[in-house]
Amino acid sequence: MRRITRIATVGIASAALALSATACGGKKSSDASSSSSSSETKNAGAAIAYDVGGRGDQSFNDAAYAGLEKAAKDLKVKTAEAEPTEGESEADKVQRLTELARKGNNPVIGVGFSYAPAIEKVAKKFPNTTFGIIDDTSKTGTNIANLVFNEEQGSYLAGVAAAKASKTGTVGFIGGVEVPLIKKFQAGFEQGVKDTNPNAKVLSAYLTQPPDFSGFAKPDLGKATAKGQLDGGADVIYAAAGLAGSGAIEAASTAGKWAIGVDSDQYNQPGLAKYKDHILTSVTKDVSLAVYDLIKSVKDGKPEAGEVRYGLDKNGVGLAESNPQYKSMTDITAAVEKAKADIIAKKITVKTAP
């Protein structure tokens, strides 16, 4: 089902409610293609453009929204949001970012590496606007902040936990789309598993191949893939697959096995509440902090630019401890804490590719 594109500017008192919706495919702006720095207006607030799956994915996009929401509350800034559309082109992304910038939003943040080419183009048209791109360093500029994470480090900790929690010695990894970013998750996870239990088996699978990025938005496919791994003996499933990861969590829960969430602390996500008892932990990446920090830097008159990296040393990635069952497994938590300390101390170097 095609998601509705929305671009909404909201006040602090109604950040979660006042949304201006347009028809499927997005509202076309008659003068978007001719926008330039001369059309930039006084700062209207901060804006984010969501990745595949949109807000409500219980994962990556929702983490970005949490940062926007916090900025609205703490910094008293207005906010705007824009949703993706199914099967959209780069031109659609360019138009979305252009419209957000043309309305005076600053910063404008693209959630996900797929926005990189569009941000490179639009940032040149609006030199007085700061653009943020999450999970990409390939496109740079004086007004572009590259917000990136050491996902492999958090995933290594997940591998340690999975290997310790597994009773069968077989665990599963599911990636949404086989791209370098998601391979970082796979590499760290597999290394953590093998370093903890050299005899363990890791079943790894990807839902789609680029340029098809729908693997981040197909819960049913995530569920089916997880079921296949469970049938193959896996008793812990780690999915780095956006909205599709919710399907993997459902499959693991239904089978009475463990799931490991990603990006957000999925144990606390309302949409996954019925499966929470089987979410052992989640690999968190503090996308919300990165979004908030960038918005604050602009508001303070000192906008971030260039690479801004978040790793274990800054608690930018890590493992959630919300599930009481996880916290009670002292052998697992002790092994995870030791691995974390060793990574920070550079005693362990985590691979970024399988």
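**Exercise 1. Describe how helix H4 packs against helix H5.**

Step 1. The axes of H4 (residues 151–165) and H5 (residues 180–196) come within 6 Å and cross at roughly 40°. Axes here are lines fitted to C-alpha atoms over the stretch in contact, with angles from 0 to 180 degrees between N-to-C directions; helices are DSSP runs of H or I, at least four residues, numbered from the N terminus.

Step 2. H4 is therefore oblique to H5 (under 35 degrees is roughly parallel, over 145 roughly antiparallel, 65 to 115 roughly perpendicular, the rest oblique).

Step 3. Residues of H4 that meet H5 include Ser155, Gly159 and Ala163, while Phe185, Gly188 and Gly192 are among those on the H5 side (contact means heavy atoms within 4.5 Å).

A note on the source: this is a predicted model, where local features need pLDDT of at least 70, side-chain atom pairs count only at pLDDT 80 or more, and totals for chains, interfaces and linings use all residues. Residues are numbered from 1 along each chain as its sequence is written, and side-chain values use heavy atoms, leaving out hydrogens and water.

**Exercise 2. Find what lines the largest cavity.**

Step 1. Take a cavity as a set of points on a 1 Å grid over the protein atoms alone where a 1.4 Å probe fits but cannot get out; lining residues have an atom within 4 Å of a point.

Step 2. The lining has 17 residues, with Asp51, Phe60, Ile182, Phe216 and Asp263 nearest the centre.

Step 3. Helix H1 (60–74) and H5 each give two or more residues to this lining, and H5 gives the most, with three.

Methods:
On a 1 Å grid over the protein atoms alone, a cavity is a set of points where a 1.4 Å probe fits but cannot get out, and a pocket is an open set with protein on both sides within 12 Å along at least five of seven lines; lining residues have an atom within 4 Å of a point.
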